[in-house]
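Dear colleague,

Please find the structure below, handed over for your records.

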Amino acid sequence: MSEILRKLSEQGVSIWLDDISRERLRTGNLQSLIRDRQVVGVTSNPTIFASALSKGDAYDTQLHDLKIRGVDVEEAVRSITTYDIRWAADVLRPVYDATGTVDGRVSIEVDPRLARETEKTVAEARALWWLVDRPNLFIKIPATAEGLPAITRAISEGISVNVTLIFSLERYRAVMNAWLSGLEQAKAKGLDLSGIESVASFFVSRLDGEIDKRLDKIGTPEALALKGKAALANARLAFAAFEEVVDSPRWQALALAGARPQRPLWASTGTKNPDYPDTLYVDGLVTSGTVNTMPEKTLEATADHGRITGDTVRPSYEEAWNTMAALKEIGIDYDDVVRFLEEDGVDKFEASWTELLATVAAELKKA
């Protein structure tokens, strides 16, 4: 077992794997990661499924049966992905029970083509919740303007939600408001709030990717000195915003009724720039009550040489504010950056879904 990952867990960071495949499930690899790598959750997305389907023979039997039944491509995608999610949820069920239902969670995403359609997103969330039928499931709903009311509706109906595609502090505050509103509505309906979990997936590395490009264009020594600093600063300030909410009377009333906090989840934590340490967005975001979902490459890098030195979030608020102020002073338009990243993120998720449909269509032909 990695001593470094054990230390990270002891700091209160839940380690989740940002990957899933039937091969990983049937070989017992996920179980090994739970045992040896402190993994206590799994997230998925269409790109991950498309990659899994294109490798090996783990899906051949199901694809063959789906083809014989004449199932269309979209239904086939749902049959394949929900099968893997159910299996992963069952593997993680002991973790779910051992952690008092906090961890042991598996996430599946609503069709990202619905990111701008509230009613269809709610309907899709309900369908996936029913189809997977596991208490340790999270339904991933994007934090678009249209996604916010869908988040409230889903939570109000007792559906546990992983809010994805959060880039800005303003949108993150809106996400927390949507979550609180959902809990308040659930409470009014008499639902058991302790059974409704949520995480808020705050995307990290993509912010550095976009801001670094803009800093390169400015090109001054002052601008270049700020490269690689925005993402950690943004995420740390997001945690400060979270602390404000959980200190509020509004949250305290819900907590007394049995509600659990919506934990910040650090997403997109693999470094895109090879000049940066490959554990940058793990080492720099250590604080209790958070989740870090890592690609396996980042997980193994952290296990090998991560530097876990204590809380690297709460003591860094002033530094984070100073970084954001310096970026503004040098000409970085934060609002424009996060607006672009959300639009680009939705586009990329839609493209990934299209890729997944195409992959399944091709595999059905071969089956």
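How much space lies in the second largest cavity? In this predicted model, the second largest cavity holds about 50 Å³ of space. Its lining is made up of Glu-109, Pro-112, Ala-115, Pro-142, Thr-164, Leu-165, Val-346 and Phe-349. By class, these residues divide into 6 nonpolar, 1 polar and 1 charged. Two elements, β5 and α17, each contribute at least two residues to this lining.

The search of the whole structure returned 2 cavities of 30 Å³ or more. The largest cavity has a volume of about 60 Å³. Around the largest cavity stand Ser-44, Asn-45, Pro-46, Phe-49, Arg-78, Thr-81, Ile-108, Glu-109, Trp-353 and Leu-356. Two or more residues of this lining come from each of α4, α6 (73–98), β3 (105–109) and α17. In terms of class, the lining of the largest cavity comprises 5 nonpolar, 3 polar and 2 charged residues.

The elements giving at least two residues each to the pocket lining are α2 (22–26), α4 (46–53), β5 (161–166), β6 (198–203), β7 (263–267) and α17 (334–366). Of these, α4 provides the largest share, with 5 residues. The lining of the largest pocket contains 11 nonpolar, 13 polar and 9 charged residues.

The axes of α9 (residues 169–188) and α12 (residues 230–246) come within 10 Å and cross at roughly 30°. The crossing of α9 past α12 is right-handed. On the α9 side, the contact is formed by Leu-169, Tyr-172, Arg-173, Met-176, Trp-179 and Leu-180, while α12 contributes Asn-234, Leu-237, Ala-238, Ala-241, Phe-242 and Val-245. By class, this contact has 10 nonpolar, 1 polar and 1 charged residues.

With kind regards

Key:
Residues numbered from 1 in each chain as written. Predicted model: local features only at pLDDT ≥ 70, side-chain atom pairs only at ≥ 80, totals over all residues. Heavy atoms only, no water. Helix = DSSP H or I, 4+ residues; strand = E, 2+ residues; numbered from the N terminus. Nonpolar A, V, L, I, M, F, W, Y, C, P; charged D, E, K, R; others polar. Axes fitted to C-alpha atoms, helices over the stretch in contact; angles between N-to-C directions. Left-handed = near helix turned anticlockwise from the far one by under 90°. Contact = heavy atoms within 4.5 Å. 1 Å grid on protein atoms, 1.4 Å probe; cavity = no way out; pocket = protein on both sides within 12 Å on 5 of 7 lines; lining within 4 Å. Points joined across faces, edges and corners; volume = space filled by probe spheres on them.
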